[in-house]
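Let me put the model up, and we'll go through it together.

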Amino acid sequence: MTAQPRLSKASKMPCRSWSLQALDTCPASRKADGSLVDACSGCYATGGNYHYPNVKAPREHNREDWKHDDWVDVMVEALDVDRYFRWFDSGDLYDIRLARKVLEVMQRTPWTKHWLPTRMHKFPKFREVLAKMEALPNVVVRLSSDSVTGDTVEGAATSSTIIPTIHHARPEMAVCEAYERKGKCDKCRLCWSKDVPVVAYPAHGKKMLKKVDTILAVNI
């Protein structure tokens with residue numbers, strides 16, 4: 001059977017993306033006790049439009065589609081006109097075989113700037129593949145912090161974190177300005193830049209803001 005990847009276009013994004021269902025494909029979203037890490041407990045991709053069948057369907061389709069032998073070839077062809085691309089506006093690199101295939105797509109599409117946010121760096125077997133991705137001139141792998149109070153991933157060349165407000169940003173952080181544009185990236189491409197070590201996303205959404213307020217209250 002021929003692979004038929006379904007690419008999505010989130011309203012805020014300036015490009016297309018390839019995604020999976022949130023949490024179901026996010027093994028690094030959970031602590032040892034099974035509870036969600038702070039950053040994932042308010043995940044935007046578990047509510048709102050992401051509950052609709054027409055939004056879930058392509059993500060569930062992709063979970064099986066990448067396993068086809070010709071998936072890499074089909075993805076390379078699909079990205080022929082894409083100059084920017086985001087992997088995983090929901091979901092993550094849950095399988096090392098998928099990670100290796102995504103790496104090959106990146107290698108074979110040098111005309112496309114790829115941005116891949118991930119928590120899979122927590123698992124040693126993924127680190128070599130992620131390092132090979134990051135070494136490519138057209139790829140930025142942003143290691144996602146579990147924090148919602150601005151803590152960052154130690155030793156990461158490029159990463160991201162959530163901050164309670166813009167006033168919590170540290171000097172080395174580039175603050176996402178989408179909150180000033182009704183949630184849209186517009187012409188900003190900070191997330192795709194290797195020159196930006198940390199992108200900080202101000203907390204937004206009812207679930208995330210509630211989580212942040214709870215943590216800040218405990219730390220007062």
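So, Cys-26: buried or exposed? Cys-26 counts as buried because its relative accessibility is 13%; buried means under 20% relative accessible area, exposed over 50%, and partly exposed in between, with a 1.4 Å probe and protein chains only. Keep in mind that this is a predicted model, where local features need pLDDT of at least 70, side-chain atom pairs count only at pLDDT 80 or more, and totals for chains, interfaces and linings use all residues. Residues are numbered from 1 along each chain as its sequence is written, and side-chain values use heavy atoms, with hydrogens and water left out.

How many disulfides does a search of the whole structure find? It finds 0, taking a disulfide as a pair of cysteine sulfur atoms within 2.5 Å. For Cys-26, the nearest cysteine sulfur belongs to Cys-40, 6.4 Å away. Cys-176 is in no disulfide either, with the sulfur of Cys-191 nearest at 6.2 Å. Cys-176 is buried, at 13% relative accessibility.

Now the sheet. Strands here are DSSP runs of E, at least two residues, and helices are runs of H or I, at least four, numbered from the N terminus; two strands pair if DSSP finds at least two bridges between them. β1 is joined to β2 (residues 84-87) by 3 bridges, and Arg-16 has Phe-85 as its bridge partner in β2.

Two loop residues next. Leu-23, in the loop between β1 and α1 (38-41), has a positive phi near 70 degrees. Leu-23 counts as partly exposed because its relative accessibility is 25%. Phe-88, in the loop between β2 and α4, has a positive phi too, near 65 degrees, but Phe-88 is buried at 3% relative accessibility. Most residues other than glycine have a negative phi.

Last stop, the second largest pocket, with about 160 Å³ of space. Which element gives the most to its lining? That's α5, with 4 residues. α5 (124-135) and β4 are the elements that give two or more residues, and the lining includes His-121, Arg-127 and Glu-134. A pocket, on a 1 Å grid over the protein atoms alone, is an open set of points with protein on both sides within 12 Å along at least five of seven lines, and lining residues have an atom within 4 Å of a point.

Notes:
1 Å grid on protein atoms, 1.4 Å probe; cavity = no way out; pocket = protein on both sides within 12 Å on 5 of 7 lines; lining within 4 Å. Points joined across faces, edges and corners; volume = space filled by probe spheres on them.
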